[in-house]
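Subject: Structure for your files

Hello,

Here is the structure I said I would pass on. My notes on a helix pair and a sheet follow below it.

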Amino acid sequence: MKFTLDWLKDHLETHASADEISTDLTMIGLEVESVEDQGRALRDFVVAHVVSAGKHPNADKLRVCKVDAGTGELIDVVCGAPNARSGMKSVFAFPGTYIPGSDFALAKGNIRGQASNGMLCSGRELQLSDDHTGIIDLPEDAPVGVPYINYAGIDGVVFDVSITPNRGDAAGVLGIARDLAAFGTGVLKNASVAPVASPGGKSPIPVELRFGAGDPMPCRMFAGRLIKGVENGPSPDWLQARLRAVGLRPINALVDITNFVSLDRARPLHVFDADKLVGTVHARMGRAGEALVALDGKTYAIDETICVIADDRAVLGIAGIIGGEATGCTGETVNVFIECAWFEPSYVATAGRKLGIVSDARYRFERTVDPESVIPGIELAARLVTELCGGTVYEPAVAGHVEGAGTEIDFPLDEVRRLTGLVVPREEAAGALVRLGFVVEGRGDVVRVKVPSWRPDVTQKADLAEEVMRMVGVDKVPVEPLPRLSGVAPRMLTPIQNRRRLARRTLAARGLDEAVTWSFISEAEAKRFGGGAAELKLANPIAAELTDMRPSLLPGLLGAARRNGNRGFADLALFEVGQVFLSAEPEGQHTYASAIRSGTATLQGAGRHWQGGARKVGVFDAKADLAALLDALGLDIEKVQLVAEPASWSHPGRGGRVQLGPKTVIGWFGEVHPALLGELDLDGPVAAFEVDLDAVPAPRRKPTKAKPALNLSDLMPLSRDFAFVVDRDVPAATIVKAARGAEKALITGVDVFDVFEGAHLGEGKKSVAIAVTLQPQEKTLTDGEIDKISAGIVGAVEKATGGVLRT
């Protein structure tokens, strides 16, 4: 919201400086974005007299002018403006002056052999208008040598204030003046509008509200006023200057008047050329197939959800947003019809978003315009039209009625102290509300407060306490430190929140990038991953391909891999931690952590390398990521069950399941099935895993949080290798688990380092070689002790697998 200091003083009698007003605005909650000294950029321009303007000897369209700028001598200036002539007064810039409209500093020049020691300026070069067809033509009595900003009166100050969405009243200069007056910055002037006489009698153009019994009522009051015999030319200089100062381009007197009333009183209006109207002007809902060519030159399609202003022939404008081009006022307009109505904010905002129109009228209506300003607004507009354009005024035609909500609140004055910390005397608190326009009744600790029509945002006691705080000043609110906690803060995160945090940190540390994908997927994808139930379908999907709640995180990650692969990034390592939906019940919503690796995106890195070819990802990459995640969550993968039963999305021979007992499934890992990759248009291989974070058991609580003493042996460890011939379907994990259990006190590590199959081993047999690490604790092991442990390892493995030691 922009306004000038002079404009503010039309409503506020004050001697405060611009800096003081800026500070006070911030203190009452109207944040000042900027304060601009309007004349600063134009301070070096002066009024000058063109003594003579002769033809340039070497150019047909240039003139050589002799200019008197008040320096006591004539200055040679080459000018290309067609209106440059002898005897005129204009605006002159000396060499070295910065020209804001052209963004350069003026220098002396030589144009076609003639010296030029300055510039005669157009309105666009001074950023005063869009006119650049000629230089500024000043009246004959303009004083030569006087700074142009002093002569033109454009040395004012422009404030730019940020308005919150609930303060529609502050979208007008009067509303801002009212707040400042209540704060004590000045005295509010009388802003009442006297009725304008109507010598024309009853309006020949009727108005109506045409809404059906089942229709909403986005317009509850509609008023129109006819004025005949107007002369619509340029608006006066003072009005043009005010509109330019706040960034609006003057158009003509009738349009400028409506813009002025909108800015001055937060009361949007519209003017129609009355001779272009047919029948009754009315408000109604739009109809399918209707369209409007608006004042911005664009065509907008109308539907049944958009409120419009229309006559008996066509749509005239979109209610509360923008008018139509066909009925707009031009220089030929003689009879004008002023429209002033009240529109529901929600309908204006919805229509504006749907059509993509941002206008000053929409800005104010969607913040709520004073419902009791319809008649005062049309009276003010009629008065300005008759004063500036003349004409015969007719009586207002009014349809419907609207008034303020009439909110009354029982307000305990002690609420100010309780909610803000301010101790405000009763008389001061009540006086602040009265100055803002509220009516305060009662003299006890609880008063009855009636809210004015222009403040629909005030609905409860807290709002009144805020108003008192604003008028006292937000800088007066006491600042007190928070009380110091008496001990260690309690645990703030829930177990599942901790697991999400640990999962993200662990997977990111392993080189995977986090992705956030839609919680909605297509029906086909949902069925591929075990979902697709009717109860998990969306009633109102945001897109045709996002119809089902996801039963897995993998569809989103695989879709991200496909999109990246199509753009040349085939080697990806992605993870996501989020919600999946296994049923429509609350317990059917689980938190999963999932990850994929594609192409050559192994833990060692992706892409080709000079030392050798890159390895493709496989099932063990997914298993390693899964193991690292379970370890971070406090669960050793060697102590859970690994079942060679892959998930529905996995390659049948390259995947498995992690579980605790037969019923508690923690997660799945494996290579994505080639057929599924083909359906998703993905190049393989892709390794993936899923972990149900809700299924991971909570770690056991220890009696103390202190870590045990570090026990490191000072004896050298030793390693022994064993190779066992077992059936091909025996898991290596069974061999490792049996070997580790042979001597738990001394065996600290068992690693598989070789798997071999050959004809000489026998049909259906394989050789699995393991390295067993022994760590002596109290003394060095003798050969006999080592042989005894080795025999125990062989025996344990043979018993568990039915295999034999390979010789």
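Predicted model: local features only at pLDDT ≥ 70, side-chain atom pairs only at ≥ 80, totals over all residues.

The axes of helix α5 (residues 237–245) and helix α6 (residues 253–265) come within 11 Å and cross at roughly 55 degrees. That angle makes α5 oblique to α6. The crossing of α5 past α6 is left-handed. On the α5 side, the contact is made by Trp238, Leu239, Arg242 and Leu243; α6 contributes Asp256, Ile257, Asn259, Phe260 and Leu263.

Four strands form an open sheet with antiparallel pairing, in the order β40-β41-β39-β42. The edges are β40 (747–756) and β42 (804–805); each has a single partner strand, so one side of each is left without a neighbour in the sheet. Strand β39 (residues 718–727) and β42 run antiparallel and are joined by two bridges. Here Phe724 stands opposite Leu805 in β42.

Two helices go with this sheet. Helix α18 (residues 732–740) packs on the sheet and touches β39, β40 and β41 (765–774). The direction of α18 makes about 150 degrees with that of β40. Helix α19 (residues 783–801) lies across β39, β40, β41 and β42, and α19 runs at about 25 degrees to β39.

Regards

Notes
Residues numbered from 1 in each chain as written. Heavy atoms only, no water. Axes fitted to C-alpha atoms, helices over the stretch in contact; angles between N-to-C directions. Parallel < 35°, antiparallel > 145°, perpendicular 65-115°, else oblique. Left-handed = near helix turned anticlockwise from the far one by under 90°. Contact = heavy atoms within 4.5 Å. Pairing = 2+ DSSP bridges.
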